[in-house]
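Colleague: I am new to reading structures. Could you take me through one?
Modeller: Gladly. Let us look at it together.

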Amino acid sequence: MNPVIRAEQLTKRYRRLCALDRVNLEVQEGAVFALVGPNGAGKTTIIKVLMNLIEPTAGTAQVLGMESRKIRGSAYTSIGYVSENQEAPEWMRVSALLAYLREFYPTWDKDLESGLVKQLELPLERKIKELSRGMKMKLALASALAFHPKLIVLDEPFGGLDPLVRDQLIEGLLERATDATIFLSSHDLAEIETFASHVGYLDEGKLRFSEELTSLAARFREVELTLEIEGELSSQMPESWLQANVSGGVVRFVESRFEEQITAAEIARVFGPVKDVVFRTLTLREIFLAVAKKEQSA
Amino acid sequence: MKQILLIFRKDAIRHWPEILISLALLGIYAYWELHPKMPTASYSFTGIFLREEFIAPVLVFLWSFLTVRVVHGESLVGDRQWWVTKPYVWWKLLAAKVLFLLAFVGLPLFLVQLYLLHNSGFPILPHIGGVLRMQLILATILFLPSIALGSLTRSLAQALLGAVIVLLGAIAASYLIAQVPSSAMSSTAETPDAVQTLLLVASIWVAATWQYARRKTWYTRGLLFGAYAAIVLISVLTPYQKYVEKKYPLVDEREAPAHFAILSPNMDTGKNRRSLDFISDVSLYLSLAVSDVAPGRMVLVNGIKATIDLPDGHSWSPGWKGQWLTIWPEDDGESLLYEVTRKDYERFKTSTVRLRLELALTEYQAIAKRQSLLGQGKFSDAALGVCQLDPLNHSAIKCVRPFRPPGLMADFDPSGANCAMAESDEEVPELDLSHAWLPPIGDSFVSGINPVTDFSISFLAKTKRSYLPQDTSPRKLRVVHLCPGAAVSLARPLEGRKVRVKLEIDGVRLQDFTGSLRD
């Protein structure tokens, strides 16, 4: 299967600031890929490079088989782009904007448009400048979905929205874009955990990891073990153990390459016989916190 | 085409108030052009801007404003615009903007221009090509730069700032070029002039197109700045003196179309010579004896260069300065003005020097000469257009004609006319032959809004040109008096030789030339 998005050694520098640092990334067709990371990590920058809104300093990116630098004009008939930062034509009415955009897309689905207007409760006769932020995002989403794009790119679509609007947007997105590949950036981990199939973690311009959410959840465990004899942390702990600490006779750490038998064998090698071992699955938020703290301490 | 029309329709819906204002102002402009002597609208603040003299500049400003606004509808600066990630095709977007300007500015203006031609008594069909050429030139000097300005800015405030920067750049360039010796005769450097014009127009055209195609704002701004720097550099480095001397080859006095001699300043009747110390430039009044202009010809002094040979063997010259002085067969003397900086003047004013002058001359021959009787009221003339005697100035004929005044050499001999004029305390009728002159203008450049140009053919009495202001004795001005039924001789000026002559006078001081014009 061809990747819908592929980035190789993608780099973007603003003078001394390296916003993207040799990022390699692949997003497969049909995936809901969530790019997460703290503020200033480079999420918007990578999306702008992929959308050819800015040019990379080095490296290449391909979107739907096209070199990102060549994406313009008719290429956008296959890409729906929604960003919290986009400046809409405030003077237009909602209905006028939809009618105007309708003519640009050969694949525009009038029924889908009507369905989205109804589902997202868009006020057709209101001017865009009179809409709330949430309404503007809904309008942007409706206009990005109504032409059946192959790829939907959303830059921080849920930021600052109330939970109800967020749910409406996610529902709209999942119900109406079943055939599309979705690539979105967010720092709201709890939200994306519910619907993303893949996740990438970007921090300080570097892509720390990028994988399927199920495999990510499977390879991270919090391990809590009770030692037979109270002692210090061993210096022989493997690198995959994150945030290790000891309190009394109890050792806690996050295993980032969890396989039950191998992890148990590693514990026995490092600590010898233990009284008790408990493995607990982690939420996406806990996984990212563990990884982020490791990066910070590094 | 569908996308072009979509964008065009969207822009028309958005900008209808500006379109209506533009059309209304165009209507007012046409009204003023057709009724130039009507009472003014009012003296209120808004009324002032609707007066005849303001309406054309207001109209031009509004068109530029409208162009920038329409371009800003899909701003090309930045990466947050909603339309950038929509399937806009750049050339269709640009075409839609051009279509908008054609539909709401070009077409209404075209119709008004045809109506103005028709109303002035000129047929429309033979002049459609000229009107279209006017529109093309207006598009090049107004709309193209406005599109470029709009495409490189994201708000009206930025556009205004950009316009101010352009204006300051033009002022700085003009100042810099004025410091280059002989740059006043820059029109002689035809190749650099053509290169600069081409560079200017092409850079603006490429900038607007490139910005639409790629939205590389800083690169495009850099391109324009580079073109500006290149134009200034060409201006500064052009050897204007060489161009003047090449265009006006030096000829021997015997071959010159007129003979000249510098009159010694002590022959000047002006005794109270003084210069105004607070003015940065000092004008030297150079009196010349002239003779031997062939009958049926006229010699135009296009430029003058003065060189001072100092007693220590050094020479000094501020280079060529432009002139526009006509010399007719009857003329026996003329005065030329030559400006030098006060600093230079103060250095040499008391030194006894040798003054050398070079004059760049063009000879014109009157061809296709014919007699024309001045009519009562309005009268038509194939070459002049529609004319009438100027009711406010008896020495002049006012005419209107499509696009540009004709090249003209005209004579009026009052002895053959019966134009009685009562002598007053201040004026007496001119009894000698007088002349009028309109330079031939090339067909290519027709600027402005109104295709009907008005011009005046003024016959100047010979003495009027050499009026001596500080002579306090009661004098009467000789005035040419035209009247209906009088015959004037009209001819087309045929440009002949361009030559340069040298004159010199020894043992003079600059301060002796700072008097006023010679009688």
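Colleague: How many bridges join strand 6 of chain A to strand 7 of chain A, and how do these strands run?

Modeller: Keep in mind that this is a predicted model. Strand 6 and strand 7 (residues 151-155) of chain A run parallel, and five bridges join them. Take one residue: A:Tyr81 has A:Val153, in strand 7 of chain A, as its bridge partner.

Colleague: Which strands form the sheet, and in what order?

Modeller: The order in chain A is 6-7-8-3-9-10. That makes six strands in an open sheet with mixed pairing. Strand 6 (79-83) and strand 10 (206-212) of chain A are the edge strands, and each pairs on one side only. On average, neighbouring strands are turned by 15 degrees against each other, direction ignored.

Colleague: Which strands does helix 1 of chain A touch?

Modeller: Helix 1 (residues 43-50) of chain A packs on the sheet and touches strand 3 (32-36), strand 7, strand 8 (181-186) and strand 9 (198-203) of chain A. Its direction makes about 145 degrees with that of strand 7 of chain A.

Colleague: Where in chain A is confidence lowest, and where highest?

Modeller: Where pLDDT is low, the predicted coordinates should not be read in detail. Chain A averages a pLDDT of 86, and 99% of its residues score at least 70. Confidence in chain A is lowest in helix 9 (residues 284-297), with a mean of 78. It is highest in helix 2 (residues 94-102) of chain A, at 94.

Conventions: Residues are numbered from 1 along each chain as its sequence is written. Chains are lettered from A and ligands numbered from 1 in the order in which they are written. This is a predicted model: local features need pLDDT of at least 70, side-chain atom pairs count only at pLDDT 80 or more; totals for chains, interfaces and linings use all residues. Two strands pair if DSSP finds at least two bridges between them. Helices (H or I, at least four residues) and strands (E, at least two) are DSSP runs, numbered from the N terminus. Axes are lines fitted to C-alpha atoms, for helices over the stretch in contact, and angles run from 0 to 180 degrees between N-to-C directions. Two residues are in contact if their C-beta atoms, placed from the backbone, lie within 7 Å. pLDDT is the predictor's confidence in each residue, from 0 to 100.
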